[in-house]
Amino acid sequence: MWKAANDQLLLETGGRYQLCDLNGSLTDVSIPHTGHVLAVDDQGYVLCQYPVPRTVRTDSGTMNDTFYQYTLLGPDFTVLQDGIDQYYNVGQYDYSYDSELFYNDLAAVRVGASDWYLPDGGPWPRLYFNSKYMFIDRSGKIVSNARYDEVSNENDRWFGCHGTTEYLLDSNGNERE
């Protein structure tokens with residue numbers, strides 16, 4: 001169960017999703033792909049996760065495995081961005097579990113990977129993509145001209161990295177001069 005927009009709750013029962021209003025009325029909603037909802041913010045935006053089989057490069061060759069992609073939905077459950085390889089969760093280290101899907105009206109996403117690399121070994125191997133981070137607004141529109149290897153959000157500001165150089169970003173996710 002998640003708190004959704006307009007004083008509604010988003011309910012999940014056996015892979016089926018419904019909105020429940022203050023009167024207890026239920027309305028079926030469609031979640032694209034076979035997956036599940038990860039988060040809903042207080043304005044009703046929804047982040048869903050779904051499994052995708054991939055052939056992944058490793059240090060010793062290739063392997064087949066199932067990884068996850070994401071879909072970002074608007075408050076009316078329209079798809080804003082699909083096929084997201086990675087979603088940057090600003091609140092990922094906020095242990096109150098009160099993170100926002102958009103921060104300063106932007107979301108940082110990686111989209112369009114065509115190569116996946118997983119190094120051999122290590123207790124927690126990290127998956128690398130050949131796609132870069134970009135920023136989208138609440139309509140799903142791409143708002144940044146630049147693409148970043150990594151992004152972070154510190155002290156209410158977005159930062160982006162090209163290689164080892166870190167840039168302070170403006171309100172549209174572009175580098176400040």
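The structure is a predicted model, in which local features need pLDDT of at least 70 and side-chain atom pairs count only at pLDDT 80 or more, while totals for chains, interfaces and linings use all residues. Residues are numbered from 1 along each chain as its sequence is written, and side-chain values use heavy atoms, with hydrogens and water left out.

The chain contains 0 helices and 15 strands. Both kinds of element are DSSP runs, numbered from the N terminus: helices are H or I with at least four residues, and strands are E with at least two. The radius of gyration is 18 Å, close to the 16 Å that the globule rule gives for 177 residues, so the chain is as compact as a globular protein of that length. This radius is taken over C-alpha atoms, and the globule rule is 2.2 Å times the number of residues to the power 0.38. Along the principal axes, the C-alpha atoms fill a box of roughly 55 × 45 × 30 Å. Of the 177 residues, 42% count as buried. Buried means under 20% relative accessible area, exposed means over 50%, and partly exposed lies in between, with a 1.4 Å probe and protein chains only.

Strand pairing was examined next. Two strands pair if DSSP finds at least two bridges between them. Strands of a sheet pair through backbone hydrogen bonds, either parallel or antiparallel.

An open sheet of 4 strands has the order β1-β2-β3-β4, and its pairing is antiparallel. Its edge strands are β1 (2-3) and β4, each of which pairs on one side only. Strand β2 (residues 9-13) is joined to β3 by 5 bridges. Within this pair, E12 stands opposite Y17 in β3. Strand β3 (residues 16-20) is joined in turn to strand β4 (residues 26-29) by 4 bridges. Here Q18 stands opposite D28 in β4. The hairpin of β3 and β4 has 5 residues between the strands, and G24 takes a positive phi near 90°.

Another open sheet has 3 strands in the order β13-β14-β15, with antiparallel pairing. Strands β13 (150-154) and β15 (165-168) stand at the edges, each with a single partner strand, so one side of each is left without a neighbour in the sheet. The twist averages 25° from one strand to the next. Angles run from 0 to 180 degrees between N-to-C directions, and axes are lines fitted to C-alpha atoms, for helices over the stretch in contact. Strand β13 pairs with strand β14 (residues 157-162) over 5 bridges. The bridge partner of S152 in β14 is F159.

Strands β5 (residues 36-40) and β6 run antiparallel and are joined by 4 bridges. H36 has Q49 in β6 as its bridge partner. The two strands form a hairpin with 5 residues between them, and G44 in the turn has a positive phi of about 95°.

The cavity search gave 1 cavity of 30 Å³ or more. On a 1 Å grid over the protein atoms alone, a cavity is a set of points where a 1.4 Å probe fits but cannot get out, and lining residues have an atom within 4 Å of a point. The largest cavity holds about 40 Å³ of space. Its volume is the space filled by probe spheres set on the points, and grid points are joined across faces, edges and corners. The lining consists of V52, R54, F67, Y68, Q69, D85, W116, L127 and F129. The largest share, 3 residues, comes from β7.

Several loop residues were also examined. D7 lies in the loop between β1 and β2. Its phi is near 55°, a positive value in a residue other than glycine. At 52% relative accessibility, D7 counts as exposed. The loop between β7 and β8 holds F77. The phi of F77 is also positive, near 70°. F77 counts as buried, at 15% relative accessibility. P75 is placed in the loop between β7 and β8. P75 is partly exposed, with a relative accessible area of 36%. P75 and D41 are 34 residues apart in sequence and 9.2 Å apart in space, C-alpha to C-alpha. L101 sits in the loop between β8 (79-87) and β9 (107-111). L101 is buried, with a relative accessible area of 6%.

Technical notes
On a 1 Å grid over the protein atoms alone, a cavity is a set of points where a 1.4 Å probe fits but cannot get out, and a pocket is an open set with protein on both sides within 12 Å along at least five of seven lines; lining residues have an atom within 4 Å of a point.
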